Amino acid sequence: MDFYFGLAQIIGVHTLLGLSAYIVLLTGQVSMAQAGFFAVGAYAAGMLTVLAGWAILPALAASSLLGAAVACAVGFPALRVKGLMLVIATLAFGEAVRLFFFNFDYQVARGGVKLGPLGGEGFRQIRYFPENGWTTMQVMLFIWIFVVLVMAILWWLDRSRYGAVLRAVGEDELAAQSVGINLTAVKVSAMTIGGAIAGLGGGIYAHYTTHIEHASFGILLATFALAYPILGGLGSVFGTVVAAIFVQGFLVEGLRFLGDWRNLLFGALIVLAMNLRPKGFLDAPTLRWIRRVFGGKRGAA
Amino acid sequence: MILDLIQNSFDGLAMGASYALLAVGFTLVFGVLRRVNLSYGPAIMFGCYAATWVSFSFHSNIFLLLGIAVLGSVLAGTYVERLCFAPHHKGSAIAAMVASFALWMQFEEVVTLVMPKHLYDFPPMFDAEPLAIGPLSLRAEALVMLACALAICFALHRMLYRSRFGLALRAVTDAPVAAQLAGINVPRVLLLVFLLASAIGGLAGWLIVSTHTQVTPMLGMWSTLKGLLAMMIGGLGSLPGAVIGGLALGVLEAHSQWFLGPQARDLIAYLLLFVLLAWRPRWMTTSHG
């Protein structure tokens, strides 16, 4: 059973990562920097619990705030450009963050053992959960509480005036600007929220894996972050969860029996999904169908 | 001290020549078609691995290996174009990018399945001593690479502005719908550009691996990132800019390695790119040509 709880942990953290890219994608911006914010959150939360002895909740709050602050600071210069230039600028930023942690040493002796990030060796022994006797199931539930919370907030945002503004900017910047929407404010705020979610996800990730290293936060993770909302569809936050379950549950774990050949099929299935459903699993007609079946009166909306 | 600086610049130019080669091929796909093909480097790696496999099995001539490398990259490029770019022509550039990344994983998996060692030797182009200029030295291969980069750049420029195909290509870039109405077969033009870029990539890959005399699976990611960086520094979509950008990147890396150590080298390059993109000086806004 622990295997499935572990899998659910991975899916939960990847859902958070996907949601952090989702809100930025709503404004039509493609950010490859989400893995960078995720790394910042992971290292910050790990250092707070291991080196400063904080409890998990304040550490996660701090990592989330730090992720938001970094995203906001990056957003102002980066979001001046868009399209291809933004993809590459954010990619450069993400790689710069990864290389920063590759060179980052900050070790402190704790009870005869040196703890903390050590450059290429990574950051070992982030043992808050095992030290406090959390079981795999408890950790899994802890993670999913955050996932559900973030999804609920994003779902609510989506239906609020702010969500309409985000989608208006994503749909047509010129039209949005002409009705008085401040493009910079909208884009940077979406990026900041995305950074907060990525920072939170990274903080959780550091604690359930107990060992983080710079190589985990490369282009692979940045592309995965974008792949979830794109595969799932931008119509609803639920698409991102569906895609995270599809990729992590089915493609990564379900195909493990294929051994070395797994990545070949993995690539083929992603391409197939993109070609068959270019607007994602939960595209507009599918969402309408779901609302008609489950929605009752609200289904008309 | 001054001599060290000059020697570093020479080393940087030698490295920059390979970046320039990669950036020229990139400029066709990125600059002209405005698409992010993350699989560009891995397709080159696929071609180079095909050549390495032939060289291991048959000990063949180095120029035959060039043919194999080009053929391999073109095949890989066709595969990428058909699966990732042809179905996503209208809108949805992100879906194409994510799909191209999925194929990147496939290429890496295929080459490590067929050739599982971490590092393979590749025969050198020729056995030449580094050229000595007074107390300084410069590798002859670097000059060959630089000459190739400039030749390709010149040929592409001629092609773009002096041939019917170039005219069709520029028409497709400027106004795809109008080009279609004027009777240009847009999907065919896009496929041909893609194949041309892949062939250039194959040549670039062959030059690079025969200069470094080794092939690793990291070649794919390395080519994508360095080509991308060099192209962006040189101004998106400008062919001479790609060559200059590649050389500038090489020199910058050589100096930051000298002053700040090998680990800071890539960090400096990425930070520079981020600053350049956000600040966006005039020369980076050229469209193409």
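**Close-ups of a predicted two-chain model**

**View 1. Where chain A meets chain B.** In this contact region, 32 residues of chain A are in contact with 33 residues of chain B. Keep in mind that the model is a predicted one. On the chain A side, the elements that put in two or more residues are helices H3 (56–78), H4 (84–102), H10 (219–232) and H12 (262–276). H4(A) gives the largest share of that side, with 12 residues. Sorted by type, the chain A residues touching chain B come out as 24 nonpolar, 5 polar and 3 charged.

View 2. Count the elements and you get 11 helices and 4 strands in chain B. Its radius of gyration is 19 Å, close to the 19 Å that the globule rule gives for 289 residues, so chain B is as compact as a globular protein of that length. Along the principal axes, the C-alpha atoms of chain B fill a box of roughly 60 × 50 × 35 Å. Of the 289 residues in chain B, 49% are buried. Take the contacts in chain B with a separation of 6 or more: 75% of them are between residues 24 or more positions apart.

View 3. Ile152(B) has 20 other C-beta atoms within 10 Å, and a residue counts as buried at 20 or more, so Ile152(B) is buried. Set aside the neighbours within four places in sequence, and Ile152(B) is in contact with Val24(B) and Ile200(B).

**View 4. Helix H9 of chain B and what follows.** H9(B) takes in residues 219–233, which makes 15 residues, and at 1.5 Å a residue they should span 21 Å. The end C-alpha atoms of H9(B) are 21 Å apart, so the model agrees with that expectation. The helix is mostly covered, too, with 13 of its 15 residues buried. Just after H9(B) comes Gly235(B), and here the backbone takes a positive phi of about 100°.

Note on methods:
Residues numbered from 1 in each chain as written. Chains lettered and ligands numbered in written order. Predicted model: local features only at pLDDT ≥ 70, side-chain atom pairs only at ≥ 80, totals over all residues. Rg over C-alpha atoms; globule rule 2.2 N^0.38 Å. Buried ≥ 20, exposed ≤ 12 C-beta atoms within 10 Å, placed from the backbone. Contact = placed C-beta atoms within 7 Å. Nonpolar A, V, L, I, M, F, W, Y, C, P; charged D, E, K, R; others polar. Expected span 1.5 Å × (residues − 1).
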